[in-house]
Amino acid sequence: MEILVAPITELAKYLGRKGCTYLGYHLNFNETVNDLRRELQDLNKRKEDVNLSIQSEAGWGKEVKHEVQGWLERVQEINNEVQTIEEKILRVKWCSKGCLGKLVCRKIEVVKRIHERGSFPDGLTIDKPPPRGIILPTENIVGEDSAKKKIWGHLMGSEIRMIGVCGIGGVGKTTIMKHIHNELLSVSNFDRVIWVTVSNPLNIIKLQENIARAMNDRMRLPEGEDRVRRATTLMRIMEAVGRYLLILDDVWEKFSLMEVGIPEPTTQNGSKIVMTTRSIEVCQRMGYNIVKVEPLSFQESLDLFLDKVGRHLLQVPNLEGILKLIVKECGGLPLAIVVIAETMKGEDDVNVWNNTLNELRERVASVNDFDKEIFEKLRFSFDHLKSSEIQNCFLYCSLFCEDYALRTRELIEGWIDEGLIDGLHSRKAAYDKGHAFLKRLVKNCLLEKTVDWSGDVFQMHDVIRDMAIKSIGPEFGYMVEAGMKLTDVPNEQRWRNDLKKVSLMDNNISKISPRLSPKCPTLSTLILSNNRNLLEIPQSFFEGMSELKVLDLSRTAIEALPNSISNLENLSALRLESCGSLKCLPSLAKLKALKKLNLNRSGIDVVPQGMEKLICLEYLDLYRCKNLKEIPIGMLSNLSHLQYLVVDAKLKIKVEEVALLSKLETFECVFDEIQGFNYFVKSQDFQILTDYRIAIGVGLYDLIEFIMERKKLVVLIYNCDIGGECVVLPDNVQYLWTGECKNMRSSLNKTALLEKATQLSYCRIECCEDMECVVELDSSSCSVLDNIEELCLRKLPNLSVLVRVEGVATPPHVFSNLQILVISECSGIRKLLPLELMQALQNLEKIEVSDCEQMEEIIASSDSDASLDKLNFSKLRILQLWSLPQLERICNAKRVMVCNSIEEIWIHECPQLKRIPVQLPLLDNGQPSPPPCLKEIKINEESKEWWESVEWDHKNLLQPFLKYSA
């Protein structure tokens, strides 16, 4: 009995202390919550001060410090976390206040620590001159060595400061200047080389903005200010650059450098300006030294033509003479030569080539004007598309502004809306056909393809666009006034009754006269998008447009649509994207032909009346409709043809209704509960639903856009109890994000969560307090994580091990496709990777470990396999170790890491680390050398003494790569 008394007494004392603490959390719950809110408010005020200071400090040659950017991101994260707690507070039961109070107290301490770290006495920004410029995509240059040499001579000399490169459209002015631009990036004559496309008509405000952005993507001139103040700001920024070269491509009219804010180039400032233009008069009026680009010689033209079409054609009997005559018809214009050559590529029939020659001659003989002659040569390629579908798709591109960057999705969606891609069984089939059309237009050189951060971008050469507009002029029922700086819509006389398509996009139209009532009974397309000051459209405006099929009012300031919209019974696409002032729509009950309704980011607060009658609707976008509270019960189930459905994260929908939509291909939504999500997943055919972003949980409204945009096949599970009903994931899910989930105790390969998710490539788990192990290997292990390419673990306080090996050999395929491993704020883990896993990690490219207080070793020590003295990380490019106060070893002292692809090594605040085991490769002579791809070794300023003492074989060879960060 006495043996039991002491333990029981101690247990009672322990429970007593715990009980008192719990009771304190319970009794002080409301006060503690208010404390958290006050602390967060103070933190956010500090954040606002930091942002304001950044705006005043940041300018040309400055960038925000990494530590400041990281602090701002952490502030946003803690705001999201507190938002989740606020959601819990609304639902907390009386008996659970103690547990939640404990969490609130913890968050108060976290908020205080973040606030303390928000003091930056050494400033928020650092000097970091940007690169001279970015390399522009271009084609090989043919001929015109004399023009290029002359331009280069002027740029290298000191006398001429302003150069005008002149020549007819399509002669190669832009191509020459792109080559010169790229070559100048490797010489030191200029501190910055800036490329800006000007286009027609000249827009001073747009030109100012484009110059600022060309110098720095994040730079924005003050909005809402007059040109003079904007010009003053731009001039100050450009003067700070130093010696600049400004290349202005495609200038059509004279303008004042002072009015734009461009400092005049002088010998003192060392700057120069080059502009390309078709007009010698513009160069003369602006005082530029003229360099004329002449057409190619016949031999240069023939060489370019044969390079594109194939020199093997010279071996075809009787064809060489015809080819030379065709080249002669191109008039030495590289654009015409390339377009015609690409159009005829793959053809070796002499009769077909002879017919091509006859066609070209007939076209040129029928016109006298030189520009028209060029157009006729280019139109040859258009006519040889041999498909009215593709031709109409090409002509649709001319409805956009000059030099408009067309995104793949925007373009194909436009073609679908116009009915140019029609009669297909699915949206995916339409996209496949659209991609085929794009490939054909690029092949025929009617569209130019480039790539930027968002993917493929397509543009029309300005000469090609001019040709297209001439082809679809008034006689074809087109009126294209896009980007022409209009302040009013064209007068009634120009709205002829035979009009079919009208584009007034990207103008400054602010109102439409109530007396304007165009009589356009055949008008099918009207584009008024990007008239950002357009507030109102009169009732009479649409009354004479009974055949209107496509109406685009996106990105306007429209507050209400006229009731006459309700009578457009042939309307098939209504685009109202980013109409933030739009509160409601008139009845849509009569619009039974409507297939697309895009209300993305609109301000509507109620679903349009009669929407349940849109039985043909295939596309409904309600993303970021923040004022919209609900979708009426029974409405979605009537829209049985929906293929595309996106709804705002806060919008409640009836899962039983969505489950009936058997034609869904694209879906984005948030379900409150696992049960509803599972019901939906079980109802869908994921051979059809191939593009989805689905979330489960509450309190994630600020996260959802950040997580889901530009990703397909995404599931986000947030603030759920995984220990109850099992989540049924789609078989083809590729991106899984799990956060704030309770009872997530089982390792991923043991839980039913991922049982069928064999295509999963990205997995992120954060703030799941119950998780102890990510992967548990034993004889019954399954291979659900074999395809994982990126694994991110964050804020898992009880995580003790990444991979637990239970007495079996590690299967060679475990994590065999893993490329990126990120682990952060996991305070309980001591050793990251077991040695047994090394042979499987051959594809690992990045390891990032940060803020893990107990982390002692990256690769766990083991004597079980002495043969593993060299750890091969052949593809590892980035190794980042941050804030690991207990880290003693990266690996055992007897082992080295072979990382010949390493580019970056960042080690910050790892004071206990004694050795860096990265082995240097050997040259042919046996001498060690820095890794061939190494760019930098970065440590923080406070770690200079640590660097001197840390062991690294041949460390002296790495000194040139060492950089210190704040």
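What follows is a working chat about salt bridges, a helix pair, cysteines and backbone angles in a predicted model.

Reader: Before I look at anything, what should I know about the model and the numbering?
Author: This is a predicted model, in which local features need pLDDT of at least 70 and side-chain atom pairs count only at pLDDT 80 or more, while totals for chains, interfaces and linings use all residues. Residues are numbered from 1 along each chain as its sequence is written, and side-chain values use heavy atoms, with hydrogens and water left out.

Reader: Ok, how many salt bridges does the structure hold?
Author: There are 42 salt bridges, where the term stands for a side-chain nitrogen of Lys or Arg within 4 Å of a carboxyl oxygen of Asp or Glu.

Reader: What does glutamate 209 pair with?
Author: Its side chain meets that of arginine 230 in a salt bridge, at 3.1 Å from N to O. Glutamate 209 sits in helix α7 (residues 204-215) and arginine 230 in helix α8 (residues 227-241), so the pair ties together parts that are 21 residues apart in sequence. Helices (H or I, at least four residues) and strands (E, at least two) are DSSP runs, numbered from the N terminus.

Reader: Are those two residues buried or exposed?
Author: Both glutamate 209 and arginine 230 are buried, a word that stands for under 20% relative accessible area, with exposed being over 50% and partly exposed in between (1.4 Å probe, protein chains only).

Reader: And which residue does glutamate 418 bridge to?
Author: Glutamate 418 forms a salt bridge with lysine 501, at 2.6 Å from N to O. This pair links distant parts of the chain, since glutamate 418 belongs to helix α17 (residues 408-418) and lysine 501 to strand β12 (residues 501-503), 83 residues apart. Glutamate 418 counts as buried at 15% relative accessibility, and lysine 501 is buried with a relative accessible area of 16%.

Reader: Which residues make the contact?
Author: From α16 they are Cys393, Tyr396 and Cys397, and from α17 they are Leu411, Gly414, Trp415 and Glu418, with contact taken as heavy atoms within 4.5 Å.

Reader: Switching topic: how many disulfides are there?
Author: The structure holds zero disulfides, a disulfide being a pair of cysteine sulfur atoms within 2.5 Å. For cysteine 792, the nearest cysteine sulfur is that of cysteine 826, 8.9 Å away. Cysteine 792 is buried, with a relative accessible area of 7%, and cysteine 401 counts as buried at 6% relative accessibility.

Reader: What about backbone angles, say the phi of asparagine 743?
Author: Phi of asparagine 743 is near 60°, a positive value in a residue other than glycine. Asparagine 743 is found in the loop between β22 (735-739) and β23 (762-766), and it is partly exposed, with a relative accessible area of 28%.

Reader: What is the phi of glutamate 825, and where does glutamate 825 lie?
Author: Glutamate 825 has a positive phi of about 55° although it is not a glycine, and it lies in the loop between β27 (820-824) and β28 (831-833). Glutamate 825 also belongs to a network of salt bridges whose members include Arg74, Glu77, Arg764 and Lys795.
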